[in-house]
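Hi everyone, thanks for making time for this one. Let me put the structure up, and then I'll walk you through a few places that I think deserve a look.

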Amino acid sequence: MHSIPKARRLRFALSRRSRRPFPARGRRKLLGRLLVVLLIPVVLAGTATLIAYFRTPLPNEPQKGVTDEGSTVYYADGRTPLFRLGANRETVRHDQIPDRLRWAVLAAEERGFYSGHGVSPVGTFRAVWKTGSGGEVQGGSTITQQLARNYFKGLSKDRTAGRKIKEIFISLKLDRSREKDETLDLYLNTIYFGRQTSGVQAAARAYFDKDVWQLDVAESALLAAMIQRPAYFKTQGDDAPARALRARWKYVLDGMVSMGKLSRADAARQRFPATRREWSGVSLSGQDVAVRQRVLDELYTLGIPVQSVMNGKLKVYTGLDRRWMAYAEQAMKEAREPRWPAAVRGGLIAVDRDGAVRAFYGGDPARSQYDSVFNPVAQAASTFKPYVLAATLRRGFTVKSQVSGRSPVKFAPDGSLTPMTAPGYLVDNDEKIGSLGRIDLVQATALSVNTGYVKLAFETGIANVLRTAQEFGVPATALQPFKGQAGIALGVANVSAATQAAGYAAFANGGTAVAPHLITKIVDAKGRNVPVPWRGQGRRVLTQEQAAQVTHALRATVTGGTGRKAALPGRETAGKTGTSDNNQAAWFVGYVPQLSAAVVMADTKGKPLKGLPGFPGTVAGDNVPATVWRSFMEKVTRGMPAEVFRRPAFSGVTANWDTDPRTGGSTGDAGASPSPSVSPPGQAKPQKTPPPTSDPGRLPAAGIPEKSPPAGAVRP
């Protein structure tokens, strides 16, 4: 009998045993052990997840720079930006954001935002799986996750699965701790939209030149579409980025329809919106550098340094009119300013009755970066004479007072005439004026009679003239070198066009001195007005009657004197020409009741202004500057009411300062005497010569006395 091998017996026994029923109790015990083995990792993982979740702090502090709002400087309209300093972001309130924009953004970024919990399970699983499998880190972020990643502190910039998990925890906590509207508002005020803008308000301005609450459905959909790829999409053209944006825009509209926030018919009526060209700062007149620097200078004088401006959330409003800036540029370019030699500087500036700068052109920046309107580039020349006249009126005299217009003459230190062979201050009139007889101050102003005005300075008191000019805004540093010198009456001090425009604004407004300024209003981050001292009540330097008398004389300059080329048809105009010795500088400063403007030209090398492109002759105040002034003023006064100047009563003392016996004058003190008849503006005439054809309002030619002038005299 053959025996069964041992191995086969064992297998047989086991097979028989395996066919025996397994006790139920044993099966339950085995399953329990298997469940324990499987659940332990799950429990441990869950416990670790809970621990990690609870240990992840809820962020409250934003990342550095994410809430920064730079300061914006605006044109006079209060909404068009001139330029921005710092981050281009402007926070708006919940009630300022229209619902159509909210739904457009949700249609683009997270249609289940209000029903979700801050995390997208599908998107998150896809991102974690892709990252964990060695692929590229994926997105899949909700709006809340984007805030967690881009707004709050606490997340590193590492592109790892661990950071993604932490982002999920933070997002869940944010969703539990914040209202949905609060989260969405935060997102809309911080998300990047391209064009260097963050937040919906800055984006609305950059793309459509509107406030966010003015956006329509199509515009809202475009901004929502930009969020996905702001650096790639293009709003104009027909290349791939432009086509991609239009497709995304259509996707947003379809999403709004599927969400029930827009009807299919309304969606079909939408047209892809036109956007403005990308904002690039002040490019209208090329004065961006000058505007920026002047604004910063004015802020600094208010104790606001540039560091505080960069992220101070200030709203800085200026008086600059965008169209008027273009008109100023046009007027200067008509005179071929961009083609002038490098040594020739010039500019135009206009201020209103309060001194707010409405427009200026300081020179072509391609020719020179030097600002020719806020910096003193030339002697004031005869545009200084109205300050001498104002000083005289402040002493109680009238413009009907008389002086001698004889030329040439020599003045002794006390203001009396001295023989031509004796030492003294030699003064003569322009050759086109020559020697005149007795004239009143209206005629002396209209014809810019040098001899009469030097006499007037002596009689008024040189110290009074200096004090009056300073009160009108001429810097003390410009006047100090000429203390006690009668030549100050002829404008030997260097002044800026801004100073002269503001000085004449005091005549236009009835006698109140103003400071030239760009900034008219400042609002801080909390909506409070920052005090701006130059916008307060200015100092009264003339009575209204005195200001009216100065204007009467300056009107005669335009209607019948040296400034006739500046006359504005159908509008009352007053002003003064000025030409320095040897025609090195030329001016016209004038005003209408609402606006004062100054035009200046100067050769910085001291050469005569002649042979310039577009004007082959010699430049004087009565030609190129007066023509530029008129060209600008004709444009800016269109539609402006044609106001009239106050008429003077000519109250005060009428003096006779004609002490020259050869013109029938007295030799004693100037006393009250009947004044000669004064022709109304437009008919002022000299006694001996007709009105000149070129500007006589220049500094006198060099007059060399036989001996050195006495102390205090000026050799012109």
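Let's begin at a turn: in the hairpin formed by S16 and S17, with five residues between the strands, asparagine 582 adopts a positive phi near 65°. A word on what you're looking at: this is a predicted model, where local features need pLDDT of at least 70 and side-chain atom pairs count only at pLDDT 80 or more, while totals for chains, interfaces and linings use all residues. Residues are numbered from 1 along each chain as its sequence is written, and side-chain values use heavy atoms, with hydrogens and water left out.

As for the labels, helices (H or I, at least four residues) and strands (E, at least two) are DSSP runs, numbered from the N terminus. Two strands count as paired if DSSP finds at least two bridges between them.

S16 and S17 run antiparallel and are joined by six bridges; glycine 575 has glycine 590 in S17 as its bridge partner. So how enclosed is S16? Six of its six residues are buried, so the rest of the structure largely encloses this strand. Buried here means under 20% relative accessible area, exposed means over 50%, and partly exposed is in between, using a 1.4 Å probe and protein chains only. Ala574, Lys576 and Gly578 are buried on one side of S16, and Gly575, Thr577 and Thr579 on the other, which leaves both faces covered.

Now zoom out to the sheet. The five strands are in the order S7-S6-S18-S17-S16, an open sheet with antiparallel pairing. At its edges are strand S7 (357-361) and strand S16 (574-579), each pairing on one side only. From one strand to the next, the twist averages 5°. For the angles, axes are lines fitted to C-alpha atoms, for helices over the stretch in contact, and values run from 0 to 180 degrees between N-to-C directions.

Within the sheet, strand S17 (residues 585-592) and strand S18 (residues 595-603) pair antiparallel over eight bridges, with valine 592 opposite leucine 595 in S18. Which helix packs on this sheet? That is helix H22 (residues 624-636), which touches strand S6 (344-352), S7, S17 and S18, and its direction makes about 150° with that of S18. Contact there means heavy atoms within 4.5 Å.

Next, some backbone geometry for those of you who like checking torsions. Most residues other than glycine have a negative phi, and most peptide bonds are trans. Alanine 381 has a positive phi near 55°, and this residue is in the loop between strand S8 (378-379) and helix H15 (385-394). With 0% relative accessibility, alanine 381 counts as buried. Serine 448 also shows a positive phi, about 55°, in the loop between helix H16 (441-446) and helix H17 (450-460). Its relative accessibility is 1%, so serine 448 counts as buried. Then there's a cis peptide bond, from serine 407 to proline 408, with omega near -5°. Proline 408 is in the loop between strand S9 (402-404) and strand S10 (409-411).

One last stop, a helix. Seven of the nine residues of helix H7 (residues 180-188) are buried, so this helix is mostly covered. Among the buried ones are Lys180, Asp185 and Tyr187.
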